[in-house]
Structures are given as structure tokens and as C-alpha cells.
Amino acid sequence: MKTYPIVEITFSPTGGTKKVADQISCYLGNITNTVNLILHDVSFSDVTVPSDSLAVIAAPVFEGVIPDIAIERMKEIQGNHANCVVIAVYGNRAYDDGLIQLKDTAELCGFNVIASVAAVAEHSIMRQFGSARPDEEDSKELKKFAEEILEKLSSDKELSTDYFVPGSHEYKRLGNLNVVPKASASCTGCGKCADACPTGAINKNNIRTGDSSKCISCMGCIAACPKGIRKLNPVFLAAASLKMKDLLSGRKPNEIFL
Ligand SMILES: Cc1cc2nc3c(=O)[nH]c(=O)nc-3n(C[C@H](O)[C@H](O)[C@H](O)COP(=O)(O)O)c2cc1C
Ligand code: SF4
Ligand code: SF4
């Protein structure tokens with residue numbers, strides 16, 4: 001089956017979203033270009049996706065929707081009528097309005113969104129849920145999804161973009177979590193957490209804390225710390241895990257709509 005030059009566009013603070021996007025992209029073709037929407041102080045307005053390539057756009061679901069900052073950065077990109085697959089990655093609770101929001105946003109950018117995927121990755125706050133996903137079983141499913149997408153692309157029929165996707169166009173954010181990870185006294189001041197922060201919430205002159213007015217609680221700084229000493233308040237984490245246990249348990253599905 002014909003494969004495609006892939007432009008992979010991701011917002012992935014702790015890497016789960018990127019893992020899913022990489023797997024699907026590799027099955028669809030060769031990644032010729034990557035756009036990292038995590039980078040702050042960067043303009044994405046000069047990103048124009050060639051019309052003969054296939055874009056893979058992936059972002060995580062935070063509180064039922066895609067984080068505002070990912071949507072804002074994505075909106076700067078010119079889709080140029082290129083075909084596109086959107087992937088909303090969620091942490092084993094639910095993707096709510098995240099997938100439909102991602103599809104709508106890609107369409108606003110000028111992409112033809114020929115397939116929409118929801119996929120599970122480890123929950124980036126409570127990592128015991130969806131732990132180690134995407135796993136082997138997920139990989140097989142993601143491969144199958146890619147095959148379905150390639151089949152759609154190779155068919156003679158006009159590529160439909162008005163298929164059903166769950167969720168509401170009135171995207172509803174379910175909460176307003178504002179917890180800022182902090183570093184212990186053994187912080188070396190290496191600055192990796194500040195570089196990884198998508199919102200510039202960590203000031204290198206006061207590196208052990210973060211600006212709560214900028215922080216989106218994405219956990220990117222925790223994932224970036226080589227010493228493992230940047231953490232959330234353990235009391236908050238234990239209470240949240242207990243409260244969310246039922247909603248986050250069991251194996252939630254990967255789904256494709258096309
Ligand atoms: C602030 C925040 C809110 C989240 N909200 C949800 C949610 O509503 N539903 C869900 O299933 N997972 C939720 N998650 C889990 C993430 O969607 C999931 O872990 C995803 O893989 C994170 O992307 P990343 O690995 O690229 O950082 C949330 C995670 C964070 C940090
Ligand atoms: S300070 Fe907040 S926004 Fe920045 S990486 Fe850490 S959790 Fe994410
Ligand atoms: S990455 Fe870790 S060790 Fe380095 S400055 Fe940040 S908290 Fe300190």
C-alpha cells in the first residue's frame with residue numbers, strides 16, 4: 001500500500017501523546033517534518049504543511065478538552081488543504097470533547113481531517129492509571145487504525161470528512177486544576193524543567209517553584225527532571241488518586257472514526 005510523507009505536529013508535555021503519534025505516523029509513512037507545539041517563545045505562523053503530505057496532529061486531553069495553549073499554537077499553522085489525522089490522547093478516564101475539538105481546530109487551520117483517533121496513554125498525573133500505555137496491545141490496534149486510514153486514502157471515492165465524532169462542539173472544560181510541581185532542596189539548578197515547560201512558568205532565577213498563573217499542571221517539568229526531585233504535593237496526589245480511582249480504573253479503549 002502507498003505510504004505518505006508525514007508532517008507530525010504534537011503537543012506532548014510528558015511524552016505519552018508523542019509515543020502514540022510516532023506509532024501511527026510510522027505505519028502511515030516517513031516522518032519528513034516535526035512541529036513541537038511545546039516550545040514557547042516560538043512562532044508557528046510560518047509553518048505551512050505541503051498539500052501533498054499527510055499531517056498527523058496529536059494533543060492530550062486535559063479536563064475533557066485540549067489545553068488552550070495547544071489550540072492557540074495549532075491555530076497559527078496553515079493546513080493548505082493537506083489530508084490530516086487528528087489524535088486526542090487521554091489518560092484512561094475519557095476524552096469527552098477533546099477529539100471533536102481537535103478535529104474542528106484542524107479544519108479551521110485548513111486541513112482535510114480524514115480520520116480522528118482517540119488513544120490511551122499513561123495518566124501523566126496519577127501514573128498508576130493507564131500505566132505503561134501505549135502497550136503491545138495498543139500498538140497492534142494503532143497499526144490496524146493506520147491500515148484503515150491508508151485504505152481510505154487509497155480508495156477512489158471522495159475522502160469524507162463529515163463522519164461522526166463523539167463530543168459536543170461546545171467544548172466543556174470539566175475543572176480548573178492548578179497544581180504546580182515543586183523541586184526539593186537537592187535541585188541542581190540544571191534548568192531542564194524550565195526548558196521543558198510549555199508556558200514559561202518556571203523562572204530560572206527561582207527554579208524550585210513555578211508561577212501558578214502560567215502553570216497548566218501538565219507535568220512536563222516533572223518528566224524532564226533528570227534527578228526525579230520535581231514533584232506534586234504527595235497529599236494532593238494521594239487524595240486525587242483515591243477520588244478518581246473508579247473513573248480511572250479498567251482498560252479504556254482506543255477508537256477511530258473515519
Ligand atoms: C491537567 C491534566 C488533566 C487531565 N485530564 C484528563 C482527562 O480529562 N481525561 C483523561 O482521560 N486523562 C486526562 N489526563 C491525562 C492525560 O490526558 C494523559 O496522561 C496524556 O497522555 C498526557 O499527555 P502527554 O503524555 O503527552 O503529556 C489529564 C492530565 C493532566 C496533566
Ligand atoms: S510548571 Fe506547570 S506548566 Fe510548566 S511544565 Fe511544570 S506543570 Fe507544566
Ligand atoms: S530539572 Fe530537576 S534538578 Fe534540574 S533545575 Fe529542574 S528541578 Fe532542579
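Around ligand 3 there are 13 residues, and Cys187, Cys190, Gly191, Cys193 and Cys225 come nearest; a residue counts as near a molecule if one of its heavy atoms lies within 4 Å of it. By class, this shell has eight nonpolar, three polar and two charged residues. Here Ala, Val, Leu, Ile, Met, Phe, Trp, Tyr, Cys and Pro count as nonpolar, Asp, Glu, Lys and Arg as charged, and the others, Gly among them, as polar.

Before we go on, please note that this is a predicted model, in which local features need pLDDT of at least 70 and side-chain atom pairs count only at pLDDT 80 or more, while totals for chains, interfaces and linings use all residues. Residues are numbered from 1 along each chain as its sequence is written, chains are lettered from A and ligands numbered from 1 in the order in which they are written, and side-chain values use heavy atoms, with hydrogens and water left out.

Where does ligand 3 sit? Its place is the second largest cavity, and sitting there means that more than half of its atoms lie within 2 Å of the cavity's grid points. A cavity is a set of points, on a 1 Å grid over the protein atoms alone, where a 1.4 Å probe fits but cannot get out; lining residues have an atom within 4 Å of a point. The second largest cavity has a volume of about 90 Å³. Of its 14 lining residues, Cys187, Cys190, Cys193, Cys225 and Ile229 are the closest to its centre. The largest cavity has a volume of about 120 Å³, a volume being the space filled by probe spheres set on the points, which are joined across faces, edges and corners. Its lining consists of 17 residues, with Pro181, Cys197, Ala201, Cys215 and Cys221 nearest its centre.

Now let us turn to helix α3. Helices (H or I, at least four residues) and strands (E, at least two) are DSSP runs, numbered from the N terminus. Nine of the 11 residues of α3 (residues 98-108) are buried, so this helix is largely enclosed by the rest of the structure. Buried means under 20% relative accessible area, exposed over 50%, and partly exposed in between (1.4 Å probe, protein chains only). After α3 comes Gly110, with a positive phi near 100°.

Finally, look at the loops. Glu63, in the loop between β3 and α2, has a positive phi of about 50° although it is not a glycine. Pro134 lies in the loop between β5 and α4 (136-154), and the peptide bond from Arg133 to Pro134 is cis, with omega near 5°.

Technical notes:
On a 1 Å grid over the protein atoms alone, a cavity is a set of points where a 1.4 Å probe fits but cannot get out, and a pocket is an open set with protein on both sides within 12 Å along at least five of seven lines; lining residues have an atom within 4 Å of a point.
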